[in-house]
Amino acid sequence: MKRSFVITALLMAGFFAGYAQKGEYVIDERSNFMDRVYFGGGLGFSANSYGTYVSLSPIVGYMFTNRFSAGVGATYQYFKRSNSDFSDNQYGGLVFARMNLVKQFFAYGEYSFINYTVNIDGKRRTAYRLPLGIGYSQILGPRSSVNVIAAYDVIYDETAFGSPWVFTMSFSL
């Protein structure tokens with residue numbers, strides 16, 4: 001069980017390609033709208049003895065300044081429990097903001113929701129999150145980087161999520 005959890009966690013970390021960020025790209029007064037817009041998102045997959053999980057999470061962001069960006073995203077998740085007929089199509093959205101503190105460190109916050117089926121009674125429920133935290137960005141190129149975010153959900157709902165901690169590793173290309 002512990003081994004399958006570790007393998008699943010590593011797969012999730014590897015496949016969650018999340019929030020595109022700007023790398024060393026610099027905007028100024030000559031930058032047009034499309035120079036300031038960035039696209040990204042996530043793709044996740046996990047399979048173990050508990051079930052199968054697939055996720056798709058596109059985002060679009062806007063660089064207001066070289067230090068501050070914000071954006072919106074959508075989420076679709078599919079979950080199928082092993083040894084059961086239970087499966088669920090989950091969907092949601094988010095708004096996020098990022099403030100670069102020093103060259104590679106940034107503050108991060110998002111407000112998100114996910115709508116899912118409650119396994120016990122089959123009714124749909126919406127759960128909300130407000131993770132706030134810090135991140136580190138390792139620059140790969142002019143508009144690409146690897147980002148790691150550690151955040152704490154300040155409105156944690158234990159009936160919907162396994163932990164108030166949210167860890168994200170993302171890539172932008």
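Two strands pair if DSSP finds at least two bridges between them. Keep that in mind for this structure, which is a predicted model.

I'll start with strands E7 and E8. E7 and E8 form a hairpin, with 2 residues between them.

E7, residues 131-141, also pairs with E5, again in the antiparallel sense, over 5 bridges. Here Tyr 108 has Gly 133 in E7 as its bridge partner.

Next, the core. Which residues make up the largest nonpolar core? There are 11: Ile 27, Tyr 38, Ile 59, Met 63, Leu 94, Phe 96, Phe 106, Tyr 108, Ile 149, Ala 151 and Val 166. Strands E2, E4, E5 and E8 each give two or more residues to this core. Take Ala 151 as a case: leaving aside neighbours within four places in sequence, Ala 151 is in contact with Pro 131, Leu 132, Gly 133, Pro 164, Trp 165 and Val 166.

Last, a charged residue. Arg 81 lies in strand E3, residues 68-81. Is Arg 81 buried or exposed? Arg 81 is buried, yet has no salt bridge. The nearest side chain of opposite charge is Asp 88, 9.0 Å away, and a salt bridge needs the charged atoms within 4 Å. What Arg 81 does have is a polar contact of 2.8 Å between its side chain and that of Tyr 50. Not counting residues up to four places away in sequence, Arg 81 touches Tyr 50, Gly 51, Phe 86 and Asn 119.

Definitions and conventions: Residues are numbered from 1 along each chain as its sequence is written. This is a predicted model: local features need pLDDT of at least 70, side-chain atom pairs count only at pLDDT 80 or more; totals for chains, interfaces and linings use all residues. Side-chain values use heavy atoms; hydrogens and water are left out. Helices (H or I, at least four residues) and strands (E, at least two) are DSSP runs, numbered from the N terminus. Buried means under 20% relative accessible area, exposed over 50%, partly exposed in between (1.4 Å probe, protein chains only). Lys and Arg count as positive and Asp and Glu as negative; His and the chain ends are not counted. A polar contact is a pair of N or O atoms within 3.5 Å; within protein, one must be able to donate a hydrogen and the other to accept it, and residues adjacent in sequence count only if both atoms are side-chain atoms. Contact means heavy atoms within 4.5 Å. A nonpolar core is a set of buried Ala, Val, Leu, Ile, Met, Phe, Trp, Tyr and Cys residues joined through side-chain atoms within 4.5 Å.
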